[in-house]
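Reader: I am new to this structure and would like a close look at a single part of it. Please begin with one residue and its setting, and then go on, step by step, to the spaces in the fold and what lines them.

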Amino acid sequence: MLLYIHGFNSSPFSDKAVITAKYMAQHHPLIAFHQPQLPNTPKAAMALLTTYVNAAIEANEPLAYIGSSLGGYFASYLAENYGGRAVLVNPAVKPFELFDEFMGPQFNPYTKQHYVVLPEHKAEVAEFNTAIIRNPDRFLVLLQTGDEVLDYREALNKYHHCQIRIEAGGDHSFMGYASHLQTVSQFLQLP
């Protein structure tokens, strides 16, 4: 199973998610590929993600994740706690430290949903922190130094003992993402 996990205020209709879905359909059509729309609260998002993971474990399917931004944070938690390999694309490292600037009304441009980020959501997201990566062989981290949303150096520091591909420039969306999908597939050991 491959689980694509989108970021904050994103969706399965983001550019990276759509590119990933097309690539999977063309190159790995037999893989169970899921890219759910995450609920707006961290606890509900993780509850949904773990239903996919538990179903894959019950079906004896290998676990693999691609996580972008906040999705990379969630993918780290899943790979460390349930197993499997994960590719993190410009991952959030400590999103709970950023939550204060997002408190209050939010709008997801993909789903057209209005919702509110509350103080308890900061505590919820902190519950899924993997302060120390104990299984560095499970991670491939894709970083671009031009990320305007997250400081790539935080990810470089946290995942320094993992496989890392770092590119100068770029942005938070990870420019040229499609050109990395063959490497992503190989790392995830997709048949």
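Author: Ile 19 is partly exposed, because its relative accessible area comes to 32%, where buried stands for under 20% relative accessible area, exposed for over 50% and partly exposed for what lies in between, with a 1.4 Å probe and protein chains only. The model is a predicted one, in which local features need pLDDT of at least 70 and side-chain atom pairs count only at pLDDT 80 or more, while totals for chains, interfaces and linings use all residues. Residues are numbered from 1 along each chain as its sequence is written, and side-chain values use heavy atoms, with hydrogens and water left out.

Ile 19 belongs to helix α1, which covers residues 15-27; helices (H or I, at least four residues) and strands (E, at least two) are DSSP runs numbered from the N terminus. Setting aside residues up to four places away in sequence, Ile 19 touches Tyr 177, Ala 178 and Leu 181, a contact being heavy atoms within 4.5 Å. Asn 54, by contrast, is 35 residues from Ile 19 in sequence and 26 Å from it in space, C-alpha to C-alpha.

On a 1 Å grid over the protein atoms alone, a pocket is an open set of points with protein on both sides within 12 Å along at least five of seven lines, a cavity is a set of points where a 1.4 Å probe fits but cannot get out, and lining residues have an atom within 4 Å of a point. The largest pocket holds about 570 Å³ of space, where grid points are joined across faces, edges and corners and a volume is the space filled by probe spheres set on the points. Its lining consists of 27 residues, and Gly 7, Phe 8, Ser 69, Val 149 and His 172 lie nearest the centre.

Sorted by class, that lining has 15 nonpolar, nine polar and three charged residues; here Ala, Val, Leu, Ile, Met, Phe, Trp, Tyr, Cys and Pro count as nonpolar, Asp, Glu, Lys and Arg as charged, and the others, Gly among them, as polar.

Ser 68 sits in strand β3, residues 64-68, and counts as buried because its relative accessibility is 7%. Leaving out residues up to four places away in sequence, Ser 68 touches Tyr 4, Ile 5, His 6, Gly 7, Lys 16 and Val 89.

Asn 9 is placed in the loop between β1 (2-5) and α1, and although Asn 9 is not a glycine, it has a positive phi of about 55°. Asn 9 is buried, because its relative accessible area is 17%.

A search of the whole structure finds one cavity of 30 Å³ or more, and the largest cavity holds about 180 Å³ of space. It is lined by 19 residues, of which Phe 8, Pro 39, Asn 40, Thr 41 and Leu 70 are the closest to its centre. The elements giving two or more residues to this lining are α2 (42-58), α3 (70-82) and β6 (113-117). By class, the lining of the largest cavity has ten nonpolar, nine polar and no charged residues.

Helix α2 is also the place of Val 53, which counts as buried because its relative accessibility is 0%. Beyond its neighbours within four places in sequence, Val 53 is in contact with Met 1, Leu 3, Leu 63, Tyr 65, Leu 78 and Tyr 82.
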